Amino acid sequence: MHPDDPLDQKLTRERPATRPDDPASTERTIGRHRAAERQRRGRALLASTPVRVALATGVTCCLGVAAFAGTREDADAAREPVAEALAERAVDDDRASRSLDRAVSPSPSPSLSPSPTPKPTPSATRKAPRKPAPPPRPRPVAGLTQAQMDNAKVIVDVGAELKMPRRAMVVAVATAMQESRLYNLASDVLPESSRYPHQGSGSDHDSVGLFQQRPSSGWGTVRELMRPSYAARAFYEALRDVPGWQQMSVAGAAQAVQVSAFPDAYAQHEELATTVVAALT
């Protein structure tokens with residue numbers, strides 16, 4: 001057939017192009033096939049259970065992160081005013097602690113209501129203990145006065161304190177009967193003796209007290225000898241120093257101590273002295 005034949009040209013134009021030779025067209029065809037394959041594989045992958053679980057977990061995590069970020073932003077926004085207030089307060093406190101002109105905080109005013117009257121404690125209402133009553137005075141015997149009996153009791157009590165036997169007490173009481181008639185006497189020769197308690201006065205040299213002992217002879221001071229207890233103690237101690245006084249008569253023992261100008265005068269008081277000592281012991 002001739003190339004210029006119209007029929008031949010018509011057939012040539014109507015022949016389908018089964019194998020195009022354009023490279024760009026070929027690439028487009030291959031790309032469409034690959035995209036379709038990827039979509040088919042993607043749908044198959046999404047259809048599997050593990051993938052669905054993984055996707056759900058990822059979505060949940062993303063939502064949690066977004067919520068946490070929002071909450072933190074809200075907390076930061078709420079914290080900013082508090083932080084600003086604290087900063088201002090710190091500045092004020094620092095300024096107050098360093099200022100030399102600080103106002104003194106007013107002290108709380110006392111209550112205007114009257115304070116209750118305190119109740120007395122038992123110790124406050126308790127009465128003070130009474131002083132012990134003095135021992136009863138001895139009852140006079142053998143015609144003695146109360147003053148004489150009181151002095152005789154002092155002489156007997158001092159002898160008992162010194163653990164002297166009863167015979168020594170009789171000697172001492174008989175001696176005081178002879179020397180002072182059992183009265184605590186001052187001396188007219190010693191005016192000082194009148195400043196101390198006394199029951200009369202004598203004038204025999206400087207002799208004072210129950211036993212008429214002389215300060216000038218070394219018996220003691222005037223003040224000491226005017227105390228009946230001291231005078232009785234001085235007599236007992238001198239009697240104790242007399243060798244064998246226990247074997248002597250009452251008058252002999254008294255004379256050994258007193259060295260009197262009338263040595264036999266003590267014997268007349270022995271019986272009365274014995275009665276008095278018996279009443280006091």
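Reply: This is a predicted model, and what follows describes computed values. The salt bridges in it come to 4. Three of them are taken up here in turn.

Asp150 pairs with Arg137, and their closest N and O atoms are 2.2 Å apart. Asp150 sits in helix α5, which covers residues 146-161, while Arg137 lies in the loop between α4 (122-125) and α5. The two residues are 13 apart, and the pair links distant parts of the chain.

Arg233 forms a salt bridge with Glu161, with 3.0 Å between the closest N and O atoms. Glu161 is in helix α5 and Arg233 in helix α8 (residues 228-240); the pair is 72 residues apart and again links distant parts of the chain. Glu161 is exposed at a relative accessible area of 53%. Arg233, at 28%, is partly exposed, because this value falls between the limits of 20% and 50%.

In another bridge, Asp206 is joined to Arg214, and the closest N and O atoms lie 2.5 Å apart. Asp206 is buried, with a relative accessible area of 11%. Arg214 is partly exposed, its relative accessible area being 32%. As background, side chains of opposite charge can pair when their charged atoms come close.

The helix packing concerns α6 and α9. Helix α6 spans residues 166-180 and helix α9 residues 250-258; their axes come within 9 Å and cross at roughly 65 degrees. The range of 65 to 115 degrees counts as roughly perpendicular, so α6 is roughly perpendicular to α9. The crossing of α6 past α9 is right-handed.

On the α6 side, the contact is made by Arg167, Val170, Val171, Ala174, Thr175 and Glu179. These residues meet Val250, Ala253, Ala254 and Gln258 of α9. By type, the residues of this contact divide into 6 nonpolar, 2 polar and 2 charged.

How values were computed: Residues numbered from 1 in each chain as written. Predicted model: local features only at pLDDT ≥ 70, side-chain atom pairs only at ≥ 80, totals over all residues. Heavy atoms only, no water. Salt bridge = Lys/Arg side-chain N within 4 Å of Asp/Glu carboxyl O. Helix = DSSP H or I, 4+ residues; strand = E, 2+ residues; numbered from the N terminus. Buried < 20%, exposed > 50% of the residue type's maximum accessible area, 1.4 Å probe, protein only. Axes fitted to C-alpha atoms, helices over the stretch in contact; angles between N-to-C directions. Parallel < 35°, antiparallel > 145°, perpendicular 65-115°, else oblique. Left-handed = near helix turned anticlockwise from the far one by under 90°. Contact = heavy atoms within 4.5 Å. Nonpolar A, V, L, I, M, F, W, Y, C, P; charged D, E, K, R; others polar.
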